[in-house]
Amino acid sequence: MKKTLYILISATAFFACEPEFKNPVDENNAYTSGDADFSNYVSVGNSLTAGYADGTLYLQGQQNSYPNIMAGQFSLAGGGSFNQPLVNDNTGGLVLSGQQVASTRMVLDYTDPANPAPVNLEDTPTTEVTNILEGPFNNMGVPGAKSYHLVANGYGNIANFPAAANPYFVRMASTPDASVLEDAVSQSPSFFTLWIGNNDILGYATSGGTGVNQTGNLNPATYGGNDITDPNVFANVYNSLLQGLTGNSAKGAVANLPNVTAIPFFTTVPYNAIPMDAATAAQVNQAYAQYNGGLQLAYAGGLISAEELAQRTIQFGEGQNPIVILDETLTDLSALNPAFQNLRQATGADLILLTTRSVLGTLADPNNPSSVIGVGVPLNDSQVLIEAEVEEITNIQQMYNNTIRALADQYDLAFVDMESMLNKLSEEGIVFNGGTVTNTYASGGGFSLDGVHPTSRGYAIIANSFIESINTKYNATIPVVEPGNYPTVFIK
């Protein structure tokens, strides 16, 4: 079975990897490093730096990580070797003492050609966490890491797993209690890149806002996995990272954080994903008549405003209809009726999670035809990011980005505006030699099947963004790469 799957993967990989364009770098030009020194390049970050894609870390993804792509271009102007903590295979996933602790990679299953769906490979990972690799490693990207994890001693200690250790860092840490920053600094990098902070808000977003906004709490040891990091904690940690990385007078580049509303995890499922004919709409409206009547009583009693009455009134019609969701920010009307729920229909400002797509429109109770999820049964807190939560994330992201921009100036580093680049990818696409990359799920070419991480082609575009900023800041002439030469998603 395993052999068959590898053959299948190999065949589909060939299909997906076939270069669309073949414009090799013109090595006859005299590429220069300008004011920078790329002889010992070290990259620091999270899953985006590691090359994570399709829900896991796999070999080809690492080989096409943006730092590895950049290192290849740096080699044209004095760049040295670039060592990565590679996993064993293209299956992805991890095992710890024989027990699987991370999922295999996702591929697109066309068993139903009209509805291709992402599935995980039915294979067993072979990368054992306790098989500690010998470094040092130039790619210090640790999937799942938040900003403060990079300065935490013991983050690579297997004895602390799973509460306070990361299996990816366990495999690559120089010693069990070394921090990511310590291992990066110990290499005395001549040049570095730093892209960190996405996970300080992303876990909150992808969980539908089930975590806690820890603004005002300066002790990250008390944070949960889906919590938002306090902006002052982020700023202090970010400053510590740059103090360490520039301690040897190294030059470098830092990138700000993209808007979560621009990634397919939040843009694929529309808020009005419920199709309905007139007869069915009338039937559903009848079912909600009592709920709507209760709202009228609440309004008449002064419990809710006219605006909230309109916001909460459930009304379906022929055509596409907004999904019914729970919204914890609405007025609690349980005093009027203990069974009264905080329901409303979604708007374009609410973001339906990609993972909700598989249950939307199905029956919550197989024996109850009125229990259609998104119609008779509302989406719960973990299935939708409501408008108030989107605003909360956006505000924190801007605080983080203000910090990154200010510290980039303070330390005189190249600044990469990744937020603008990914907004452009979302709004109009990124044009390359004969093609356009967009954020459309599975077919746009920019994002992998987990809806959060880029494809190899997306990472090539990210590498180019770094290179362009580095060239501008340090008067270098490093060539960019051709995105069309890098693969996108893979088909089962």
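Biologist: Within what distance do the axes of helix 7 (residues 199-206) and helix 13 (residues 387-410) come, and at roughly what angle do they cross?

Modeller: This is a predicted model, in which local features need pLDDT of at least 70, side-chain atom pairs count only at pLDDT 80 or more, and totals for chains, interfaces and linings use all residues. Residues are numbered from 1 along each chain as its sequence is written, and side-chain values use heavy atoms, with hydrogens and water left out. Helices (H or I, at least four residues) and strands (E, at least two) are DSSP runs numbered from the N terminus; axes are lines fitted to C-alpha atoms, for helices over the stretch in contact, with angles running from 0 to 180 degrees between N-to-C directions. The axes of helix 7 and helix 13 come within 10 Å and cross at roughly 175°.

Biologist: Are helix 7 and helix 13 roughly parallel or antiparallel to each other?

Modeller: Angles under 35 degrees count as roughly parallel, over 145 as roughly antiparallel, 65 to 115 as roughly perpendicular, and the rest as oblique. The two axes cross at roughly 175°. Helix 7 and helix 13 are therefore roughly antiparallel.

Biologist: By class, how many residues of each kind does the contact of helix 7 with helix 13 have?

Modeller: Asp-200, Ile-201, Tyr-204 and Ala-205 of helix 7 make the contact with Glu-389, Glu-392, Ile-393, Ile-396, Gln-397 and Tyr-400 of helix 13, where contact means heavy atoms within 4.5 Å. Ala, Val, Leu, Ile, Met, Phe, Trp, Tyr, Cys and Pro count as nonpolar, Asp, Glu, Lys and Arg as charged, and the others, Gly among them, as polar. The contact of helix 7 with helix 13 has 6 nonpolar, 1 polar and 3 charged residues.

Biologist: How is helix 4 (66-74) oriented to helix 15 (residues 456-474)?

Modeller: Helix 4 and helix 15 pack with their axes 8 Å apart, at an angle of about 50°. That angle makes the orientation of helix 4 to helix 15 oblique.

Biologist: How do the residues of the contact of helix 4 with helix 15 divide by class?

Modeller: Helix 4 contributes Tyr-66, Ile-69, Met-70, Gln-73 and Phe-74, which meet Tyr-459, Ala-460, Ile-462, Ala-463, Phe-466, Ile-467 and Ile-470 in helix 15. These residues divide into 11 nonpolar, 1 polar and no charged.

Biologist: Which backbone oxygen does the side chain of Ser-75 reach?

Modeller: Ser-75 lies in the loop between helix 4 and strand 2 (94-96). With a relative accessible area of 43%, Ser-75 is partly exposed (buried is under 20%, exposed over 50%, partly exposed in between, with a 1.4 Å probe and protein chains only). At 2.5 Å, the side chain of Ser-75 reaches the backbone oxygen of Gly-72.

Biologist: Which side chain is joined to that of Ser-43 by a polar contact?

Modeller: Ser-43 is found in strand 1 (residues 41-45) and counts as buried, at 0% relative accessibility. A polar contact is a pair of N or O atoms within 3.5 Å; within protein, one must be able to donate a hydrogen and the other to accept it, and residues adjacent in sequence count only if both atoms are side-chain atoms. Leaving aside neighbours within four places in sequence, the contacts of Ser-43 include Thr-49, Pro-67, Phe-82 and Thr-193. The polar contact from the side chain of Ser-43, at 3.5 Å, is with Asn-139.

Biologist: Which side chain does a polar contact of 2.9 Å join to Thr-222?

Modeller: Thr-222 sits in the loop between helix 7 and helix 8 and is partly exposed, with a relative accessible area of 47%. A polar atom of the Thr-222 side chain lies 2.7 Å from the backbone oxygen of Asn-219. The polar contact of 2.9 Å joins the side chain of Thr-222 to that of Asn-217.

Biologist: What is the phi of Ser-249?

Modeller: Most residues other than glycine have a negative phi, and most peptide bonds are trans. Ser-249, in the loop between helix 8 (231-245) and strand 8 (251-255), counts as exposed at 65% relative accessibility. Ser-249 is not a glycine, yet its phi is positive, at about 65°.

Biologist: Which residue is joined to Pro-136 by a cis peptide bond?

Modeller: Pro-136 is placed in the loop between strand 5 (117-120) and strand 6 (139-141). With omega about 5°, the cis peptide bond joins Pro-136 to Gly-135.
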